[in-house]
Amino acid sequence: MCAKPTYEELEKKIQELEKAESARIENEETINENQDLFSVLFEYMPSGVAIYKPTDNGSDFVFKSLNREAEIVTQISRNDAIGHRLLELFPNMNKTSLFRALQRVCKTGIKEHIPPFYYKDEVRKGWFENIVFRLPSNDVVAIFNVITTNLQLDLERAD
């Protein structure tokens, strides 16, 4: 038979459990603070951000998240985008260097900078510049800026 623990042993075990619980609560608070910080950063950054889940071995990508700037730039709300395929919402995207980069980054995990490219469909058009990378979850992220206005200004200055 096992001997019953002494009062001192029980008291020591309780102190260890209280210390572990206190550390867990502190870690949870830090995680929550970091999540809040990154949520605010994501939402208010001046670049568009789209997070995609690759589907069909990278032949298309499903929107998982968009930030506010991405909604403005793409002229589509996150509610209308999340859960839908990229090629469903942007039918000409498979003709762009961005789409090919999404596929490569999906496979290799190597970050890529996409030089400016022109995109046009029935809703939107313009010049875009992107950085694409893969998250540890295997989701793929595109951070993008519209550079149409900058290019137009450069062309006007050249005249």
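View 1. A cavity is here a set of points, on a 1 Å grid over the protein atoms alone, where a 1.4 Å probe fits but cannot get out, and lining residues have an atom within 4 Å of a point; grid points are joined across faces, edges and corners, and the volume is the space filled by probe spheres set on the points. The lining comprises 16 residues, of which Thr 74, Phe 90, Met 93, Leu 98 and Phe 144 lie nearest the centre of the cavity. Two or more lining residues are given by each of the elements E1, E2, H2, E3 and E4, where helices (H or I, at least four residues) and strands (E, at least two) are DSSP runs numbered from the N terminus. By class, the lining has 13 nonpolar, 2 polar and 1 charged residues, with Ala, Val, Leu, Ile, Met, Phe, Trp, Tyr, Cys and Pro counted as nonpolar, Asp, Glu, Lys and Arg as charged, and the others, Gly among them, as polar.

**View 2. The largest nonpolar core.** The largest nonpolar core has 27 residues, among which Tyr 52, Phe 61, Phe 63, Leu 86, Phe 90, Leu 102 and Val 132 touch the most other members. At least two residues of this core come from each of strands E1 (48-55), E2 (60-66), E3 (112-120), E4 (125-134) and E5 (140-146) and from each of helices H2 (68-74), H4 (86-89) and H5 (97-108), and H5 supplies the largest share, 6 residues. Such a core is a set of buried Ala, Val, Leu, Ile, Met, Phe, Trp, Tyr and Cys residues joined through side-chain atoms within 4.5 Å; buried means under 20% relative accessible area, exposed over 50%, and partly exposed in between (1.4 Å probe, protein chains only).

**View 3. The surroundings of Phe 63.** Leaving aside its neighbours within four places in sequence, Phe 63 is in contact with Ala 50, Ile 51, Tyr 52, Ala 81, Ile 82, Gly 83, His 84, Arg 85, Leu 86, Leu 89 and Phe 90, contact being heavy atoms within 4.5 Å.

View 4. The structure holds 10 salt bridges, each a side-chain nitrogen of Lys or Arg within 4 Å of a carboxyl oxygen of Asp or Glu. The side chains of Asp 60 and Arg 85 are paired in this way at 3.8 Å, N to O, and they link strand E2 with the loop between helix H3 (78-81) and H4, 25 residues apart. Asp 60 is buried, at 6% relative accessible area, whereas Arg 85 is partly exposed at 30%. Asp 139 and Lys 64 also meet in a salt bridge (2.7 Å, N to O), which joins the loop between E4 and E5 to strand E2 across 75 residues. Here Asp 139 is buried, with a relative accessible area of 7%, and Lys 64 is partly exposed, at 42%.

View 5. Glu 21 forms a salt bridge with Arg 24, with the closest N and O atoms 2.7 Å apart. Both residues lie in helix H1 (residues 7-44), 3 residues apart, or about one turn of the helix.

**Notes.** Residues are numbered from 1 along each chain as its sequence is written, and side-chain values use heavy atoms, with hydrogens and water left out. In this predicted model, local features need pLDDT of at least 70 and side-chain atom pairs count only at pLDDT 80 or more, while totals for chains, interfaces and linings use all residues.

Technical notes. 1 Å grid on protein atoms, 1.4 Å probe; cavity = no way out; pocket = protein on both sides within 12 Å on 5 of 7 lines; lining within 4 Å.
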